[in-house]
Amino acid sequence: MDPQVVWFADEPCRDVRVAGGKGASLAAMTLADLPVPAGFVIPAGALEASVDGERLRGLTLAGAHDEARALVLAAEPPREQIAAAYERLGGGPVAVRSSATAEDSEAASFAGQQETYLGVVGAGDVCARVVECWASFFSERALFYRGHKGSLDDLGMAVVVQRMVDAEKAGVIFTVDPVQRRRDQMIIEAVLGLGEQVVSGEVTPDHYVTDRAGAVKREQLPNGGVLTPGELERLAELGRGLEEHFGQPQDVEWAIAGGEILLLQSRPVTTL
Amino acid sequence: MAGAEAALGSFYGSDEFPIEWLEGERELLWIFDDLHCPNPVSPMFFDIGGWWLTCDHMFRRFGTPFASDWVMKTINGYAYMAAVAADPEALAEATEYEARYVPRVPRDPGYPARIGPYLGAVLPHYALNFLDWWRERLRPEIERNFAYLDGYDMDAAGLVELAVLLEDAIDIHDRHWKIHWMLNFAQFSATMALNGTIQEIKGDVDPDLPGRLQSSVDDRNWDSIEALWRMKEEIKGDAELNAAFHAGESAAGVLAALEGSERGRRFVAERLRPYQEEFGNKAIWSHEFVYPTWRENPAPILEAVRGYLETDYDYAAALAAVKADLESAIRELMDGVPAGEGRDRLQAALDLSLRMNPLTPDHHFFIDQGTNARVRLVLVAIGRKLVQAGVLDDPEDVMFLRYNELRALVGSGEAFDARAAASARRDEREAAFAIRPPDWVGTATESQLAFPYYTLWGFPEKFHRKPPETLDRLTGLAASPGIAEGTARLVSSLEEFDQVKQGEIVVCRMTNPAWVVLFTKIAGLVTDAGGVAAHPAVVSREFGIPAVVGTSTATERIATGDRVRVNGSTGVVEILS
């Protein structure tokens with residue numbers, strides 16, 4: 001039987017067919033010794049092992065999204081393995097995210113196939129969220145989209161479980177300036193607390209335009225200056241490292257906890 | 001000589017807008033060319049791309065008594081133009097490639113008075129014949145030049161080969177701009193002749209009528225709209241394509257969705273790419289090299305198609321409406337004119353002018369857009385070679401070098417620190433966005449203000465107008481570069497989209513993908529929420545619309561109808577009087 005939990009550091013986790021796009025990316029960054037919070041993936045095959053796969057496929061192909069969702073919501077995830085992995089992670093709050101194996105994960109995210117649950121505590125809740133991530137794959141919108149792509153029989157949805165950091169500060173780095181279209185400067189945005197507020201646009205972050213070394217060229221500080229010059233330099237260094245690692249400009253989500261910089265996500269910048 | 005005439009006003013610089021003057025420059029009236037270059041101009045475009053580079057040829061060819069050249073000067077990053085009188089004593093020291101330069105005027109004080117009748121004699125000949133020259137000789141010449149540049153394998157060529165190709169591209173550019181001025185004079189002459197005949201035969205007419213008689217219903221612009229509309233129709237009738245166009249939040253998302261399916265890839269290969277080749281030789285600002293063309297980045301095409309999908313744009317109806325208006329304008333003009341010699345002359349002047357209507361959109365397509373875009377593509381190809389050679393980090397850096405610096409770099413990659421130079425010039429250009437350039441500088445005289453072309457820039461009215469004052473100012477994040485001034489329109493829901501007029505500045509809390517229709521008609525955007533990677537910022541950049549996001553308070557402090565100025569490069573929004 002295939003393993004029902006793979007750790008970011010495990011080799012199979014680097015395979016997008018096993019861990020999905022998000023999981024494989026976290027595994028690759030872990031391998032590169034980048035400061036990624038620890039975590040594991042419930043691999044893509046686990047869903048099929050937890051339900052009547054044949055029936056689920058039949059419902060999906062028939063476009064019966066309500067029945068398919070009901071079937072998935074009643075699924076029995078590998079509780080013991082998930083609970084053991086959660087304990088090994090140290091308990092405490094985790095983030096649970098779906099991680100699609102489809103190539104066009106950007107489009108998939110807009111089709112509502114990407115769920116994120118933050119601050120999940122306790123093995124029971126983690127299992128419940130894993131099942132909800134699976135179910136999101138069978139929403140009407142997701143099925144409509146996959147139907148048009150001709151990939152309805154694809155049940156490849158992995159789920160990432162990652163330790164949540166108790167962030168003092170968080171934000172994003174663009175390793176190139178997408179506004180001025182400049183490769184010789186970066187944009188760093190930061191808020192106090194969790195970074196989700198920056199990404200969702202709920203809070204206006206402190207905004208720094210820096211050179212490649214992290215020295216500030218311009219700044220706008222509605223929060224009064226969240227980052228120190230030393231932190232800006234270290235973030236710029238992280239950005240440069242990621243750009244080199246992935247071979248193209250990156251859009252990076254980061255957090256600072258206990259003085260340590262942690263890397264939450266890194267994606268290519270597509271708008272330059 | 002200009003100096004002998006009384007000055008109506010002068011501005012030689014201030015602390016906020018310092019000006020360095022060369023000999024002879026102060027005596028001229030310099031007008032900010034916001035019509036073509038509203039943004040700070042890049043060094044490379046200033047050196048080799050400008051429309052002004054062939055104006056001495058135009059004035060010499062036509063024998064204009066009112067000017068011998070049109071010169072340009074960058075002041076604090078902005079392009080200012082001055083017409084030089086056809087006066088042998090006028091010694092304007094314009095900077096072309098930073099070299100001393102004096103316009104060519106015969107050493108004959110009587111020249112302007114004597115040459116005027118020549119212009120009067122030849123102009124009607126241009127008006128009568130230009131369309132035939134254009135169709136039979138000039139447009140084919142332009143298309144041959146394009147075929148040469150488009151067919152050139154720039155990836156396979158070496159740096160020196162591309163440097164020489166750039167010289168060919170500059171020659172082509174200059175030749176096309178010479179054609180541009182002939183076309184302009186011919187069209188100007190036909191329009192003047194028509195307006196003169198209207199005045200003579202009919203007296204005063206509705207002031208909108210002459211403008212309505214200029215509408216074109218058959219040109220490359222309509223061709224490009226028709227092709228977009230065809231794409232929209234195909235998508236509308238295909239569930240899979242429709243899903244892809246609704247999957248992405250931005251054009252990049254739509255493209256990713258298209259690339260994710262066989263049907264989508266076929267659409268990209270058979271529809272999108274050919275459209276880019278044929279109609280993509282343009283950028284959001286034609287008179288600049290720093291903006292990617294649609295050929296390089298199809299985002300504006302995808303966004304336009306998305307807008308058409310949302311409104312179910314009807315090409316045939318839009319074209320029919322323009323045709324109907326033109327026909328009604330023609331009827332309005334000819335109605336009540338009695339048969340006879342007068343009517344025949346009016347009809348002849350009208351026919352000639354109507355025949356030339358497509359020249360306005362077509363010359364934009366072939367010259368302003370198509371020619372400048374192709375010079376940019378050669379420059380980008382050179383930039384790539386310089387990146388490969390380790391001399392630059394970004395091919396686009398080439399636009400921030402002077403023409404002769406680039407040539408020095410072709411000679412030796414170690415000629416100077418090109419990275420540092422490009423970086424510093426990019427800083428200068430960004431800083432220039434914070435400056436508000438005055439409408440004019442130098443010395444204004446009656447005759448300088450009377451230069452016939454200046455009406456296109458709103459002069460002499462602008463000279464007498466008091467510039468608006470800033471009543472309030474709010475700050476957000478610079479999300480999409482550029483500056484836009486216009487009337488504010490607060491929008492809070494989809495139901496209010498119909499009220500938004502072309503050229504308005506939309507002020508809202510936040511945008512989402514359903515708002516794409518708005519982006520096709522607004523001049524600028526201000527939001528309360530969002531950062532530089534949020535939806536309003538990304539889509540504004542795809543459309544090339546100046547945007548300030550994350551102001552927190554814009555929807556409280558700005559009211560519909562306020563005059564606002566959005567600076568998407570500095571993040572400042574001003575409310576003007």
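This is a predicted model: local features need pLDDT of at least 70, side-chain atom pairs count only at pLDDT 80 or more; totals for chains, interfaces and linings use all residues.

Author: Residues are numbered from 1 along each chain as its sequence is written, while chains are lettered from A and ligands numbered from 1 in the order in which they are written.

Reader: At what angle do helix α4 and helix α12 of chain B pack?

Author: Two packed helices are described by the angle between their axes and the distance between the axes. Helices are DSSP runs of H or I with at least four residues, and strands are runs of E with at least two, numbered from the N terminus. Axes are lines fitted to C-alpha atoms, for helices over the stretch in contact, and angles run from 0 to 180 degrees between N-to-C directions. Here α4 (residues 159–202) and α12 (residues 341–355) of chain B pack at about 155 degrees, with axes 9 Å apart. α4(B) and α12(B) are therefore roughly antiparallel (angles over 145 degrees).

Reader: Which residues make the contact of α4(B) with α12(B)?

Author: Two residues are in contact if their C-beta atoms, placed from the backbone, lie within 7 Å. From α4(B) the contact includes B:A190, B:L194 and B:I201, and from α12(B) it includes B:R345, B:L346 and B:A349.

Reader: Is B:L392 buried or exposed?

Author: A residue is buried if 20 or more other C-beta atoms lie within 10 Å of its own, exposed if 12 or fewer, and partly exposed in between, with C-beta atoms placed from the backbone. B:L392, in the loop between α13 (359–388) and α14 (403–411) of chain B, is buried, with 25 other C-beta atoms within 10 Å. Among the residues B:L392 touches are B:L386, B:D397 and B:A422, not counting residues up to four places away in sequence.

Reader: And what about B:E161?

Author: B:E161 lies in helix α4 of chain B and counts as partly exposed, with 15 C-beta neighbours inside 10 Å. The C-alpha atoms of B:E161 and B:I382 are 9.5 Å apart, although 221 residues separate the two along the chain.

Reader: How many residues of helix α19 of chain B are buried?

Author: In α19 (residues 535–543) of chain B, 8 of the 9 residues are buried, so this helix is largely enclosed by the rest of the structure. The buried residues of α19(B) pack against elements of chain B including α8 (251–259), α10 (299–311) and β7 (477–480). Just after α19(B), B:G544 takes a positive phi of about 70 degrees.

Notes:
Angles under 35 degrees count as roughly parallel, over 145 as roughly antiparallel, 65 to 115 as roughly perpendicular and the rest as oblique.
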